[in-house]
Structure formats: C-alpha cells, structure tokens
Amino acid sequence: MNIEEIREYCLSKNGATESFPFDEVTLVFKVKNKMFALMSLEGDLSINLKNSPEIIIELREEYSSVVPGYHMNKNHWNTVYVDGTIKPELIYRWIDKSYDIIVSKLPRKTKNELLNI
C-alpha cells in the first residue's frame, strides 16, 4: 500500500476533496469542508483517521502501528503507520469509518446532497 493508493481511495468517497491547509507537506482530505483524513508527504507513510472514543483505545492496544493522533485530539483521532503490518483492507475500512463519522454529523440536507453526487 502506498500514498497514491490511499489518496485515490480517499478521493473516491462522495464529495471528498484534498488540500494543503496547514503546510505544503500535510495532505488533508475533507468532505463538506470537514476533515476525515490527513497524511504527511514526508517521513514514514502514515494517515490520521477519526474513530469513536471507545474504538480508539482498542485499536491502539491491538495494533502497534496505531498510535494517538499526531497533532490531533487524542480521544478521537489515531495515527496509523502504513508499514505493512496492517492489511490494506483494514486501513480502507478505517478510512470508511472516519468518513462516515464526519458525514453522520452533517445536517440532513447536506447528507442528502452527498447521496446524489
């Protein structure tokens, strides 16, 4: 799994966009202007993903490649190192979860707009 595969998957989500709002090396994926994933273009390949607080701790305990979110709220975000120890399908599932959490908090009208994209 490489950065381009992750990028393409994130952008395949309805309404997903990419930008560099913080600096020139932090790629941010958003849906309706809300972040659901972040990746650094420098250093070891990793992705920051949102999840529910109950699951966040479980993932950190189960996978050594999952740590508290770098520069993020540690109760809601994990950093996942894409180092080959976690199957790509699982990382894709976590991207889906992060996206779904953000979409679930959007107003109903906005959610309906996403369904029609």
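**View 1. A hairpin of six residues joins strand S1 to strand S2.** This is a predicted model, in which local features need pLDDT of at least 70 and side-chain atom pairs count only at pLDDT 80 or more, while totals for chains, interfaces and linings use all residues. Residues are numbered from 1 along each chain as its sequence is written, and side-chain values use heavy atoms, with hydrogens and water left out. Strands (E, at least two residues) and helices (H or I, at least four) are DSSP runs numbered from the N terminus. S1 and S2 run antiparallel and are joined by four bridges; two strands count as paired if DSSP finds at least two bridges between them. Across from Val-28 in S2 you will find Ser-19, and Glu-18 stands opposite Phe-29 in S2.

**View 2. Here is Pro-21, in the loop between S1 (16–19) and S2 (26–31).** Pro-21 is partly exposed, with a relative accessible area of 43%; buried means under 20%, exposed over 50%, and partly exposed in between (1.4 Å probe, protein chains only). Leaving aside neighbours within four places in sequence, Pro-21 is in contact with Thr-26 and Val-28, where contact means heavy atoms within 4.5 Å. If you look for Thr-85, 64 residues apart from Pro-21 along the chain, the two C-alpha atoms are separated by 30 Å.

**View 3. Ile-3, Phe-20 and Leu-41 form a nonpolar patch on the surface.** Together they have about 250 Å² of accessible area, from the Shrake-Rupley method with a 1.4 Å probe, where for residues only the protein chains shown count as cover. Patches are made of residues with over 30% relative accessible area and no salt bridge; like charges are joined within 9 Å, and nonpolar side chains (Val, Leu, Ile, Met, Phe, Trp, Tyr) within 5 Å. Phe-20 lies in the loop between S1 and S2 and is partly exposed, at 41% relative accessible area.

**View 4. Six strands make an open sheet in the order S1-S2-S3-S4-S6-S5, with antiparallel pairing.** S1 and S5 (66–68) stand at the edges with a single partner strand each, so one side of each is left without a neighbour in the sheet. On average, neighbouring strands of this sheet are turned by 25 degrees against each other, direction ignored. Helix H2 (residues 53–62) lies across S5 and S6 (77–81), at about 25 degrees to S6. Helix H3 (residues 88–104) lies across S2, S3 (34–40), S4 (46–50), S5 and S6, running at about 40 degrees to S4. Axes are lines fitted to C-alpha atoms, for helices over the stretch in contact, and angles run from 0 to 180 degrees between N-to-C directions.

**View 5. Glu-4, Arg-7 and Glu-18 are linked in a network of salt bridges.** A salt bridge is a side-chain nitrogen of Lys or Arg within 4 Å of a carboxyl oxygen of Asp or Glu, and the structure holds four. Glu-4 and Arg-7 have their closest N and O atoms 2.9 Å apart; being three residues apart in helix H1 (residues 3–11), they are separated by about one helical turn. Glu-18 meets Arg-7 at 2.6 Å, N to O. Glu-18 lies in S1 and Arg-7 in H1, so this pair ties together parts eleven residues apart in sequence.

**View 6. Asp-96 forms a salt bridge with Lys-13.** The closest N and O atoms are 2.8 Å apart. Asp-96 lies in H3 and Lys-13 in the loop between H1 and S1, so the pair ties together parts that are 83 residues apart in sequence. Asp-96 is partly exposed at 21% relative accessibility, whereas Lys-13 is buried at 16%.
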